[in-house]
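Work through these exercises with the model open. Each task is followed by its solution.

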Amino acid sequence: MSEGLYTVIMGVRDFLKEYFQGFWDYETPKMMVIKNRPLGVIYRAVQFLVITYFIWYVFISQKAYQESETHPESSVYTRMKGKAVHGDDVLDNVEYSHPPEGVDVISTILRREFTYDQRQGTCPEHFSVDNANCTSDSDCFPGLPNFDSHGIRTGRCVQYHNYTFKTCEIMAWCPIEQYAVVREPPLVEAINFTLFIRNSIHFPKFKVFRVNVDSPPGMKTKKYLKKCHYHEEKAPYCPIFRLGYIANQARENFTELCRTGGVIGVFINWDCNLDLDPSHCKPTYTFRRLDPRKDLADSGYYYRFAKYYDKNGVESRTLIKAYGIRLDIIVHGQAGKFSVIPTIISTVTALTSVGICSIICDWIMLTFIDKNEVYSERKFDEVSKKVKEPTDTIDTEFSFIRSFGSNHSDLSDGVPL
């Protein structure tokens, strides 16, 4: 074996031996009083911040002493009410509210655009569609050219209605919407329509069931709901909201919503402290616009539907493009109740975190204050039962310990640095 390889093997052996022997060493903190005013101020300040954080944020704000449940069971039922005179017609909720069965998403029509008497046939494509303008049949290829087209091209180039230019002919429901659309004025009276939201919520872990509908003592709930409107303080258990109130709370202009439509989220939040009586568990409501704003190209909310009928033996339809407000009811819930286990865990975590103060101050002391290594010489002692000194020792059953354990060191500002 070469001398170099032998040296490497012996080095590795010595390293492993030293590591194995050091693995079984025991370390214990040593108390040392350092009379340094700036370091003491830092120590108490960090202690104050840690204790304040756990008392105010962890225990008071986050209620870390409670067992919590954040996924309750919830059910939502909605109903729209209101009537409006629109031209010669009287509209009720069957006309403008969709869907009628009352789920957690409901929409209200605020403005409509009609295309009457559409039939299956051929007609000119609208000139705004890409590559729709033409001069001869060779400019129009049969088939569907793009997704913006209103139908399937026949391959013919025809005159665009009573205009002098030509566009490609298509097979579709004719006349097309962009040419024959009739726009009616917005339903401004819808600002006074009301939305009823019934929400029930269940926390299975705590066996607590709550509903957002209730009436004052001595009054029947059905009678109370006929004349009340929601108010955060005066009527928190009357979940009836005017559409104007919803738009205002969402910071939206109702007139603009009538023009473009929009999607508004109705957020119901149940934050229940079950250390109190369950009657204190009340819902809160917030409202926020969910779709892109009006300055974007695809903002607003609208959808199309058709009414089909037979006219002179030919199937016909009236196409309706409806703009409106879509309301998404979104429920969040959480409940908490005192429990011993989370209280113990949070308390132990708080007490352990106070030790961070000593770590920070030790680092400051050894890095910025201990220039001549006076503190470090007193802070770190190595004790071995092989070393015996005749002075300043404590004879124990296991070893001789010098300046160790309960031995108390007092360093003042008089130590030269």
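For residue classes, Ala, Val, Leu, Ile, Met, Phe, Trp, Tyr, Cys and Pro count as nonpolar, Asp, Glu, Lys and Arg as charged, and the others, Gly among them, as polar. The model is predicted: local features need pLDDT of at least 70, side-chain atom pairs count only at pLDDT 80 or more, and totals for chains, interfaces and linings use all residues. Residues are numbered from 1 along each chain as its sequence is written, and side-chain values use heavy atoms, without hydrogens and water.

**Exercise 1.** Sort the lining of the largest cavity by class.

Step 1. A cavity is a set of points on a 1 Å grid over the protein atoms alone where a 1.4 Å probe fits but cannot get out; lining residues have an atom within 4 Å of a point.

Step 2. List the lining: His86, Leu91, Glu95, Tyr96, Ile109, Leu110, Arg111, Arg112, Glu184 and Leu187.

**Exercise 2.** Classify the ring pair Tyr53 and Phe54.

Step 1. Rings of Phe, Tyr and Trp (its six-membered ring) pair if their centres lie within 6.5 Å; planes under 30 degrees apart are stacked, over 60 edge-to-face, the rest tilted.

Step 2. The whole structure has 23 aromatic pairs. In Tyr53 and Phe54 the centres are 5.2 Å apart and the planes stand at 85°, so the pair is edge-to-face.

**Exercise 3.** Is Phe54 buried or exposed?

Step 1. Buried means under 20% relative accessible area, exposed over 50%, partly exposed in between (1.4 Å probe, protein chains only).

Step 2. Phe54 has 10%, so Phe54 is buried. Tyr53 has 43%, so Tyr53 is partly exposed.

Conventions:
On a 1 Å grid over the protein atoms alone, a cavity is a set of points where a 1.4 Å probe fits but cannot get out, and a pocket is an open set with protein on both sides within 12 Å along at least five of seven lines; lining residues have an atom within 4 Å of a point.
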